[in-house]
Amino acid sequence: RWEPSPGPTSYVLKTGRTLVLASEAEFDLYNSRHVGFIERASQSGIFAPLKWRDQIHGVLSVQSYRRYAFSPDDVQVFQALRTTAALALARQRSEADTALRAAQFAALAQSARALVSKLELNDVLQSVVQRARELADAEAFLMLYDPVEDELMVTAYAGTHDWYST
């Protein structure tokens, strides 16, 4: 893992535009650090954003040890490859987001069912907090405010620590 700055990758991430470099001197303009075979500097490269619907998911890069190694046709083919990769990444992220939203909705639906099926308020509140804990994989609290006493009171808790029990 490394920071994408400075260099051609950082430029592509910031601008969202494909960058074609044809010589070591052009790499030097971007203060590029060597990736790959460290003892031998890249002479040519194509850096293309993995972009789908105005969201950049990363950068696809090819580099050569020859100057002027890539033709306009090579760049065009590479653009098609990066679009395919971006689409695959966007699909995966979309599916993950959909699964997360489905889990959130299921937790809400389950809490709503608990609300309708139980008459004890404390049981309903505890059920809601438990679902929140499961969904967020974190401790969850439900605090009620008493305006007369001007205080908050933990009414329901779900978590791994036993500092509080309902």
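Modeller: Here are the sheet, the cores and a few single residues in turn, all from a predicted model.

Colleague: Sheet first. In what order do the three strands of the open sheet run?

Modeller: The order is β1-β2-β3, with antiparallel pairing. β1 (19-21) and β3 (55-64) are the edge strands, each pairing on one side only. On average, neighbouring strands in this sheet are turned by 15° against each other, direction ignored.

Colleague: And which helix packs on the sheet?

Modeller: Helix α1, residues 8-15. Helix α1 touches β1, β2 and β3, and its direction makes about 150° with that of β3.

Colleague: Back to the pairing: how many bridges between β2 and β3?

Modeller: Eight, in the antiparallel sense, with β2 covering residues 44-52. S44 stands opposite S64 in β3.

Colleague: Now the cores. Which residues make up the largest nonpolar one?

Modeller: Six residues: L125, V129, A140, L142, A156 and A158. The elements giving two or more residues to this core are α4 (121-136), β4 (140-146) and β5 (151-158). There is also a second, separate core of five residues, including V12, L19, L21 and F27.

Colleague: What does A140 touch, leaving out residues up to four places away in sequence?

Modeller: A140 touches V129, A132, R133, A156, Y157 and A158.

Colleague: Which residues does M143 touch, sequence neighbours up to four places away aside?

Modeller: L152, M153, V154 and T155. As for Y157, its C-alpha is 8.8 Å from that of M143, and the two are 14 residues apart in sequence.

Colleague: Is the Y68 side buried or exposed?

Modeller: Y68 is exposed, because its relative accessible area is 56% and the cut-off for exposed is over 50%.

Colleague: And D150, what is its phi?

Modeller: Positive, about 55°, although D150 is not a glycine. D150 sits in the loop between β4 and β5. With a relative accessible area of 55%, D150 is exposed.

How values were computed
Residues numbered from 1 in each chain as written. Predicted model: local features only at pLDDT ≥ 70, side-chain atom pairs only at ≥ 80, totals over all residues. Heavy atoms only, no water. Pairing = 2+ DSSP bridges. Helix = DSSP H or I, 4+ residues; strand = E, 2+ residues; numbered from the N terminus. Axes fitted to C-alpha atoms, helices over the stretch in contact; angles between N-to-C directions. Contact = heavy atoms within 4.5 Å. Core = buried A, V, L, I, M, F, W, Y, C linked by side-chain atoms within 4.5 Å. Buried < 20%, exposed > 50% of the residue type's maximum accessible area, 1.4 Å probe, protein only.
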